[in-house]
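Me: I would like to learn how to read a few features of a model with you. Could we go through them one at a time?

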Amino acid sequence: MKIIAVTGGIGAGKSIVCDMLRALGHDVYDCDSRAKGIMDGSDIIKHVIADEICAAAVVDGVIDRKVLAEVVFSDKAMLDRLNRAVHSAVRDDIVSWAEGRPVAFVETAILYQSGLDRIVDEVWNVVAPQQLRINRVMMRNGFERDHVVRRVEAQDGFVPDCVHPRVFDLVNDDVQPLLPQLEARLNVLQTYSR
């Protein structure tokens, strides 16, 4: 079994790569949507939220995401506590989900911050010029330029302590075709699996 992370900054195109992988018949674990489901279904995480972060963020066993966001995004220690609980559960879920699959792809925006870099065999990093990423996010989300620039710069400003030893870039610059790059990576995988 091989677990491959597909990552990249906001607007780089990791979701496009993952859509291509699905179209080619591969399973892709979407960390964002799965994390929300795990949070909603985990009594342990709900107890962490209610007992250690904010009791008002869990009402009748349901997470009030607005209240939770207000607390964790104004207190880094609380955000770190939430992330530790959620990221640990997501890593366990990925390992369980990947069992029995010869290759498992994982889409993640926060590879290093979540600790996923420690459980994947390769990282496929989708890259694009910063200005192109900003324009894509503005068009996609309807955000103002300043808002997008702050998000891009915040993401790009994170530097991991140790970079994964097997990182392969996929360039999504609207010049180089993306599909041939993806197919080349998949061909390398098939060569290794023989």
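The dialogue below takes up salt bridges, backbone angles and pockets in turn.

Reply: Gladly. This is a predicted model, in which local features need pLDDT of at least 70 and side-chain atom pairs count only at pLDDT 80 or more, while totals for chains, interfaces and linings use all residues. Residues are numbered from 1 along each chain as its sequence is written, and side-chain values use heavy atoms, with hydrogens and water left out.

Me: How many salt bridges does the structure hold?

Reply: The general idea is that side chains of opposite charge can pair when their charged atoms come close. Here the term means a side-chain nitrogen of Lys or Arg within 4 Å of a carboxyl oxygen of Asp or Glu. By that rule the structure holds 11 salt bridges. One of them joins Asp 93 and Arg 34, at 2.9 Å from N to O. Asp 93 lies in helix 5 (residues 76–98) and Arg 34 in helix 2 (residues 31–41), so the pair ties together parts 59 residues apart in sequence. Helices (H or I, at least four residues) and strands (E, at least two) are DSSP runs, numbered from the N terminus.

Me: Which residue does Arg 166 meet in a salt bridge?

Reply: Arg 166 meets Glu 122, again at 2.9 Å from N to O. Arg 166 sits in the loop between helix 7 (145–157) and strand 7 (167–171), and Glu 122 belongs to strand 6 (residues 122–127), 44 residues apart. Both take part in a network of salt bridges that also links Lys 2 and Arg 185.

Me: Is Glu 122 buried or exposed?

Reply: For such labels, buried means under 20% relative accessible area, exposed over 50%, and partly exposed in between (1.4 Å probe, protein chains only). Glu 122 has 0% relative accessibility, so it counts as buried, whereas Arg 166 is partly exposed at 28%. Another pair can be read likewise: Asp 156 and Arg 133 form a salt bridge with their closest N and O atoms 3.1 Å apart. Asp 156 is in helix 7 and Arg 133 in helix 6 (residues 130–141). Arg 133 is buried at 6%, and Asp 156 is partly exposed at 37%.

Me: What is the phi of Asp 60?

Reply: Asp 60 has a positive phi of about 55° although it is not a glycine. Its place is the loop between strand 3 (58–59) and strand 4 (62–63), and Asp 60 is exposed at 78%. Asp 174 also has a positive phi, near 65°. That residue lies in the loop between strand 7 and helix 8 (178–193), exposed at 59%.

Me: What volume does the largest pocket have?

Reply: Rolling a probe the size of a water molecule over the atoms shows where empty space is left. On a 1 Å grid over the protein atoms alone, a pocket is an open set of points where a 1.4 Å probe fits, with protein on both sides within 12 Å along at least five of seven lines; lining residues have an atom within 4 Å of a point. Grid points are joined across faces, edges and corners, and a volume is the space filled by probe spheres set on the points. The largest pocket has a volume of about 1,300 Å³. Of its 28 lining residues, the closest to the centre are Phe 73, Leu 79, Asn 83, His 87 and Ile 110. Helix 5 supplies the largest share of this lining, nine residues.
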